[in-house]
Amino acid sequence: MAEKNRRDDEFADERLDDEAFDDAVDDDATDDEDEPVSRGGTATRSRVAKTGESTSKRTETGRVGFFGRIARFFREVVAELRKVIWPTRKELLTYTAVVVVFVAVMLSIVAVLDYGFAKGVLAVFGN
């Protein structure tokens, strides 16, 4: 009987921890502030009005028109480009140099292998 009481006490402590965690999660979920979604801080969460109206303009059939879809596409492209972390000039030059050197090394390896295989094929099959 004593073991059963100890087990109930252990589970009671775990339930209290869970309740405290749930309260903390609920407090975070009820913030009405628009927080930045990305590190750049340019994009914010969009919220639907409490009256149930959506923020997009729709036709009476419930579908967005052709030009509306094109406009939304360009807005999303601009929003994604704002999230990009662009390299500095020095980083760009460094990355470019690394790529050029890597391509030159790979080109020389492929050229040597091609030359070697060509000589090997001519040696085996004759000229």
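How many residues apart in helix α2 are Lys83 and Glu80, and by about how many helical turns are they separated? Lys83 and Glu80 are three residues apart in helix α2, so about one helical turn separates them. The legends below concern a predicted model, in which local features need pLDDT of at least 70, side-chain atom pairs count only at pLDDT 80 or more, and totals for chains, interfaces and linings use all residues. Residues are numbered from 1 along each chain as its sequence is written, and side-chain values use heavy atoms, with hydrogens and water left out.

**View 1. Overall fold and surface.** The protein contains three helices and zero strands, in the sequence order α-α-α. Helices (H or I, at least four residues) and strands (E, at least two) are DSSP runs numbered from the N terminus. Of the 127 residues, 2% are buried; buried denotes under 20% relative accessible area, exposed over 50%, and partly exposed in between (1.4 Å probe, protein chains only). The accessible surface comes to about 12100 Å², with 60% belonging to carbon and sulfur atoms; areas come from the Shrake-Rupley method with a 1.4 Å probe, and for residues only the protein chains shown count as cover.

**View 2. The annotated span, residues 92-113.** An unreviewed UniProt entry annotates residues 92-113 as "transmembrane region"; such annotations may be inferred rather than shown by experiment. The span is 100% helix and 0% strand, and its end C-alpha atoms lie 32 Å apart.

View 3. The side chains of Lys83 and Glu80 form a salt bridge at 3.2 Å, N to O. The criterion is a side-chain nitrogen of Lys or Arg within 4 Å of a carboxyl oxygen of Asp or Glu, and by this rule the count is one. Side chains of opposite charge can pair when their charged atoms come close. Lys83 is partly exposed at 33% relative accessibility, as is Glu80 at 46%.

**View 4. Surface patches.** Phe66, Phe67, Ile70, Phe73, Phe74, Val77, Leu81, Val84 and Trp86 make a nonpolar patch of about 960 Å². Patch residues have over 30% relative accessible area and no salt bridge; nonpolar side chains (Val, Leu, Ile, Met, Phe, Trp, Tyr) are joined within 5 Å and like charges within 9 Å. Phe74 lies in helix α2 (residues 66-83) and is exposed, at 52% relative accessible area. A positive patch is formed by Arg63, Arg69, Arg72 and Arg75; Lys and Arg count as positive, and the charge of Arg is placed at CZ. Arg72 belongs to helix α2 and is partly exposed at 37%.
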